[in-house]
Amino acid sequence: MPPETADVSQPLGHVVLRNVEDTHAWGVRLGALLRAGDLLVLNGGLGAGKTTLTQGIAEGLGVRGPITSPTYVIARVHPSICGGPDLVHVDAYRLGGLAELDDLDLDASLDAAVTVVEWGQGVAEHLSEDYLEVTLHGLDSRIVDLASHGARWTDPTAVAALDALVSLA
């Protein structure tokens, strides 16, 4: 890849969240850092807290809820109630691959919304060169691995905000 399109990947560290409430609260802090055009790829097993984290992100963004897992509808749009970006919440678990994700036309709203893709590993990374990868491990007590990809997250302000997010948990 030429340098201007190379994946700039930065592991940001591990966060320990003791319970569901901590997962939600950390999501609120993460949501407050996000802006239109941001993509988050959430990974983790069943019950790892992906939807709980997304509920916190939604609260931090100030979007209309309720936020529930979009497993059967695949994608939901939650409009902003405070003038910020909308939240596009996607569950890629039932998708057969990139072609089915592409059929959702997420790229049409990618620049204007914050897009969160649960079960997105191996599929959603192709939506943007810039994304955050959040991997959750555990059920009650969780370990979160956070990694940034792309130039958006190399900006000194973004790096400082994410470093603070990791150190606050």
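This is a predicted model: local features need pLDDT of at least 70, side-chain atom pairs count only at pLDDT 80 or more; totals for chains, interfaces and linings use all residues.
Residues are numbered from 1 along each chain as its sequence is written, and side-chain values use heavy atoms, with hydrogens and water left out.

**Helix α4**
- Helices (H or I, at least four residues) and strands (E, at least two) are DSSP runs, numbered from the N terminus.
- Helix α4 covers residues 156-168, which is 13 residues, and reaches 18 Å from its first C-alpha to its last, close to the 18 Å expected at 1.5 Å a residue (the expected span is 1.5 Å times one less than the number of residues).
- Ala158, Leu162, Leu165 and Val166 are the buried residues of α4; buried means under 20% relative accessible area, exposed over 50%, and partly exposed in between (1.4 Å probe, protein chains only).
- Looking down the axis of α4, those buried residues fall within an arc of 95°, so they line one face of the helix (the arc is that of the directions from the helix axis to the C-beta atoms).
- Turned away from that buried side is a face with the exposed residues Pro156, Thr157, Ser167 and Leu168.

- Most residues other than glycine have a negative phi, and most peptide bonds are trans.
- Trp119 isn't a glycine, yet has a positive phi of about 60°.
- You'll find Trp119 in the loop between β5 (113-118) and β6 (131-137), and at 26% relative accessibility Trp119 counts as partly exposed.
- The peptide bond from Gly65 to Pro66 is cis, with omega near 5°.
- Pro66 sits in the loop between α2 (50-61) and β3 (75-78).
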